[in-house]
Amino acid sequence: MGKLCQYISYLIFAYLLLYAWRPARGQTPAVIQGRVLSAENQQPLVGASVLLKGTTSGTTTDREGFFTIASSENTRSLIVSFIGYRSIDTLLALTSKEQLVISLQQDLTMLGEVKVSTGYWETSARLSTGNISKVTAETIEKQPVANVLGAISGRMPGVYIQQQSGVPGGGFDIQIRGINSVASGNQPLYLIDGVPFPSVSITSPAASGGILPNASPLSLINPLDIESVEILKDADATAIYGSRGANGVVLIKTKRGSQGSPKLVVNYQQGAGRITRKIQMLSTAEYVQMRSEAFANDKAQPGPRDYDVNGTWDKSRYTDWQKELIGGTAKTINGQLSLSGGSQNISYLVSGNFYRETTVFPGDLSYQRGTAYMNLNIGGPTQNFHGDFSLSYSREGNNLAKLDLTSLITIAPNAPALFDESGQLNWANGTFSNPLAYLRRKYNAQASNLIANGALRYRLAHGLEVKANLGYTTMSRGDVQTNPLSSYSPFSNTTPASISSYFANSQINTWMAEPQLSWETKTDLGQFSVLAGGTLQQTDSKNLAIQGTGFTSDDLTENIASANSLKISETGYGQYHYAAVYGRLNYNSGGKYLLNLTARRDGSSRFGPNRRLANFGAVGMAWIFSEEPFFKNNLAILSLGKIRASYGASGNDRIGDYGYLGLWQTTTNAYQGSLGLYPVRIPNPDFAWEKNKKLEFALETGFNGSRLNLSVAYYRNRSSSLLVGRPLPPSTGFNSVQDNLPAKVQNTGWEVQLQSVNLRNKNLKWQTFFNLTVPSNKLISFPGLESNFSFADRYEVGKALSVYKALPVTGVDPLTGQFAFEDTDGDGTAMEYPDDLKANKKIDRSYFGSLENTFRFGAWEAGVTVQFVKQTGTNYIKNSAPAGSFNANQPKSVLTRWQKEGDVTSVPRFMSDNYISLEYLYAMVYGDVTVSDASFIRLKNVYISFQTGIPSKSKTGKQLRIFLQGQNLATFSDFAGLDPESQSYLTLPPLAGLCAGVNVSF
């Protein structure tokens, strides 16, 4: 790393000596100064291009729209352009000393100007042959989120992002066009400024204690440092990533410095978050009635441990445990300071951020993160050499309890008070497991992340460039989870010798290097672009978790050296080597006919020696028929008409390292004083990656100067060579061997995206953005599925992977009050596992999307985004004890239960703990009654802001923006749990957040 930094410093020094701009001798340059504004609202256009006509001399505007450029006496005009605006050719009056003020009109045909990137090349949305969705900083900054995945959730067709928990630093699940594999990972490839970033949590399950089992690695990335997030979906966009692109690619680009005088920006926001939904639970009277009815149904009496109804606990006492345990307010503070500026040939950006978020749980629990970011850009538009260097460091700390207290909200409503008369934890003479005891069982985590990237480019000749992208990232995490003696009831048998703590450390380091050579040329036949390059990457990962026991004092439970005994509970090490060569050929004929060819050959250490190399590639085509004379002359309302198609293959390497190797394990009993070894996994030298073939057709249209843009895409992805356990004969001594089976999974779907400018005049602008995805998933084939016991009970050919293969529950028997089951196999006996299993319900989404409206009125801006999802999910039956059990409150819906013979209802009779029926247990574990509707409509985001600017004579005006933002403010759903998105019944749902802030630039 030190040598890399040293080489970078040498390059910067050499550049400053050799390529810094100086006026040519013998010329007397004139200095032209001006400002570029939007004609709509007179706001400055940052980064607008200003070029001296007929020359290669140019510059860009700073954060206030100002520019300065030197001109010879012969230069008479400027060409000024900005993305989304109409370029103009301005005649200069060189004798005038006044500052120019140039106003640009917005171009409603801005679709052609929007830039999209695959990471290897950049093009306009108009000329793109692939499917790339993009969310920019303008959208991200309007949402009070700690993780960028929360900001892009619901805003891209074909991309579903699910927040798994409302605990700070919690995990996110992202699916790009469905589930492709039955056994391998379905996570996409993450790249931050071209550097691979971990896609899965490195949290230790042993140490997290259950409150944060899937911490998101992206929680270490500050959303305010992000310029854009682009998601690559089809073959044309992902095949260039070869074996890593089957599940899609997420490109995160951080911000860059801007030219102009130094600009200081201060951003501060403060907010609060709460749960928005509560489960309607039974009152104390209803709960006691439920328990008493359960004993009556069972013809039994409460026992000595039935404290809630045997007189030990007060039957008239009531506690709202949702209010006590998760009814608090999570407070957030987010502050950022950034400095940027530069000249025509060099620009910089330096920023620092601090973020802190508390929880809704009682106690002083919090998550905090600090980040530092730096970017340096050298080389102007006329320079042959260009360098882009960025460095980001972040550190986060989690101070949480061991357990998500949401899992305890079903405590009996008449349970004792949390504290006794002396203010100590109340154990009620050993009859009450006090939930606040878990606050003494700490979970502390410290994580850090460093990302360094250098992108170098040198122009060898006109149209010919050599590039190199170098990157390094390291992420480390330390977890400590304690179980002090004070967290146990004094009436228990817990002793100091038995208290324990878990200590875990994980680390993952990645370096990569990508040399590239690109060439562009124009001929009479059209424009050609050629790209060739290679990739070298190495990733080292290691983890270690140790359990320490026998601490002499609670004060020492966080010190591993104070444990009397240590035991390794988790350990692992892996090294991943990856190498590839790739190429791209793009052809553009008159802006009407487009052809894009990509190819990649990959080699990976994750696969067997016989099949470590594989080829991937794709072809993308597009026809912009609106450029044809017929449409131009006869259909003037059509500003864009485009048909595109793509087909190709990418791979899935989302598996662990060394899966092809055989494994051996030591015997548990010594023989003649020595331990032996025995095989536990058979090696497979033909172990290889899964392959995903992607097909897509799309129609993109724009009408009335692109005031209305509509795109419709159909995709079909087929995954094959699935990595699953192939069954083996019992004579081998093994049940299976990991192998590539000719099983196939298919994902199809429709994606619709609509953008419209509904109203546009001098004072008001109203825009609408709408997206809709209708996905479908199917297991096409799975040879030998019936004999593969690990999958036969889960999947069925012709059904979706998300289909819940379960025992069909026909309802509640009016005679017995117990669940009744369908005799699926027709043998005269129902409720047989696995013979009566049936794939009749699925846990998945039928469609999803969002609707966003934005409004601009002078200096005011506002927006509202509504997310909608049609889906099914698991309900409370799957996650709770049967109605009538001790210390297990229930939703009010159980009051419609069966009470007497002849009752017709969907809720079975109440049962006490010792008399829970086999029918209920089978329904809870295997029955389809645990699946129900989980559709919802959510007020995803609301914001309003006011911005004003005060120009000054020093040409560095001040800008002030005041804003109010809300996230997840309301959810409308019939789902019985706390949150239909994560289908959480006993886990903390995503919180509703509201924050106010101010942004000041100097």
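Strands in this account are DSSP runs of E with at least two residues, numbered from the N terminus. The model is predicted, so local features need pLDDT of at least 70 and side-chain atom pairs count only at pLDDT 80 or more, while totals for chains, interfaces and linings use all residues. Residues are numbered from 1 along each chain as its sequence is written, and side-chain values use heavy atoms, with hydrogens and water left out.

A cavity is a set of points on a 1 Å grid over the protein atoms alone where a 1.4 Å probe fits but cannot get out, and its lining residues have an atom within 4 Å of a point. Grid points are joined across faces, edges and corners, and a volume is the space filled by probe spheres set on the points. Across the whole structure, 10 cavities of 30 Å³ or more are found.

The largest cavity holds about 510 Å³. Its lining comprises 34 residues, and Pro144, Val145, Ala146, Tyr355 and Glu357 lie nearest its centre. At least two lining residues each come from strand 17 (260-274), strand 18 (330-342), strand 19 (346-358), strand 46 (958-972) and strand 47 (992-1001); strand 17 gives the most, with 5 residues. By class, the lining has 15 nonpolar, 17 polar and 2 charged residues, where Ala, Val, Leu, Ile, Met, Phe, Trp, Tyr, Cys and Pro count as nonpolar, Asp, Glu, Lys and Arg as charged, and the others, Gly among them, as polar.

The second largest cavity has a volume of about 120 Å³. Of its 15 lining residues, Ile221, Thr254, Tyr373, Ser392 and Ile451 are the closest to its centre. Strand 20 (366-378), strand 21 (385-401) and strand 22 (442-461) each supply at least two residues of this lining, and the largest share, 4 residues, comes from strand 21.

Open space is described by pockets, which are open sets of points with protein on both sides within 12 Å along at least five of seven lines. The second largest pocket contains about 1,100 Å³. Among its 46 lining residues, Ser199, Val200, Ser201, Ile202 and Ile508 lie nearest the centre. The lining of this pocket divides into 18 nonpolar, 20 polar and 8 charged residues.

Strand 17 also includes Leu264. This residue is partly exposed, with a relative accessible area of 33%, a term for values between buried (under 20%) and exposed (over 50%), with a 1.4 Å probe and protein chains only.
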